[in-house]
Amino acid sequence: MSTPLSSLAHLVNHQIRLAARPVGMPKASDWSHTTEPVAEPAEGGVTLKTLALSLDPAMRGWMNEGKSYIPPVGIGEVMRAGGVGVVVASKSDKFAVGDHVSAGFGVQEYLTLAPADFKRAGLLKIDLRAGSLTQWLNVLGMPGMTGYFGLMDVGQPQAGETVVVSGAAGAVGQTVGQMAKIKGCRVVGIAGGAAKCEWVVKELGFDACIDYKAGPGAVRAGLKEHCPGGVDIYFDNVGGDILDDVLARINRKARIIICGAISQYNNTTAVQGPKNYLSLLVNRARMEGIVVFDYADRNHLAVAEMAGYLKDGRMKSKEDVVVGLQTFPDTLLKLFNGENFGKLVLEVAKG
């Protein structure tokens, strides 16, 4: 459809760009705040307004130089971020003004895409009847897809098995634990603080949750108490000492899914690898990484399944929403300080 574009002329796009590669925790000087006019779409293209952005631990890795599963954000580039938004101008027969979409928006207020960029940006229509905007950044978005395919494809859970998930109150962890319960597993979470642990058990239905902030040895003691028969699947979001504690409790043929290592992302020295890795040998166990982009062609299947669970109440979705694009540098740090409670979302504009 064709849309009058005169309304774009007065709009200004506020952006946050990577100014320097962080050493340790990102600081204010690692970012630059810029503006530019909102571009009109080319033939077949669209202009999108950002409504909300997904803030994820993986963003810290995207800021680093070096080989990874995705190229680093370049110095001077708009910071990479997935998000949800609305079409405000269209020269495309695939997207109409008013359509809600998900895409790699970046940390900015507007995004204009040519047709050739649609696939690269992951531009997709989203159905708000399946879930709210924030749920499309959580259970129905990248974190949910990570949790779903990491557990189901890599973990291959069987009813009656014991599943442990770290970062249990976070975006990926809450999906993993609830999916494991739906599939008939015993689920033990690891989270930081009594309030998060209580929520994980009482609201999400985990069988138990270990508070890693309860003191030295809390995780080891908690695993001994709550996993007396050992651990069959461990979904790791944190790495470090907690990974070693779980490796000491795994069963024969256990599966360890490496999703992230948030405890290590801001290290200024070498990343701490697992000391107990020989437990993999002794127990004939398997450790495998999960990168959500590998499953993009099957996302629609996972979305359909989990939207059903949201609708019938078997799955819940908690988001921690912070308002204001300009708060991004400080809001991002909540992930690494353990301050977010649920999926961290940055609201850029009202839907």
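Reader: What should I know about the model and its numbering?
Author: The model is predicted: local features need pLDDT of at least 70, side-chain atom pairs count only at pLDDT 80 or more, and totals for chains, interfaces and linings use all residues. Residues are numbered from 1 along each chain as its sequence is written, and side-chain values use heavy atoms, with hydrogens and water left out.

Reader: Which residues of H9 are buried?
Author: Ala302, Val303, Met306, Ala307, Tyr309 and Leu310 are the buried residues of H9. Buried means under 20% relative accessible area, exposed over 50%, and partly exposed in between (1.4 Å probe, protein chains only). Helices (H or I, at least four residues) and strands (E, at least two) are DSSP runs, numbered from the N terminus.

Reader: What do the buried residues of H9 pack against?
Author: They pack against helix H3 (142-155) and helix H4 (171-182), where contact means heavy atoms within 4.5 Å.

Reader: And which exposed residues are on the face turned away?
Author: That face of H9 carries His300, Leu301, Ala304 and Lys311.

Reader: What follows H9?
Author: Glycine 313 follows H9, and its phi is positive, near 90 degrees.

Reader: Turning to the sheet, what is the strand order?
Author: The open sheet has 6 strands in the order E10-E9-E8-E11-E12-E13, with parallel pairing. Two strands pair if DSSP finds at least two bridges between them.

Reader: Which strands are at the edges?
Author: Strand E10 (208-211) and strand E13 (286-289) are the edge strands, each pairing on one side only.

Reader: How many bridges link E8 and E9?
Author: Strand E8 (residues 162-166) and strand E9 (residues 186-191) pair in the parallel sense over 5 bridges. Valine 163 stands opposite valine 187 in E9.
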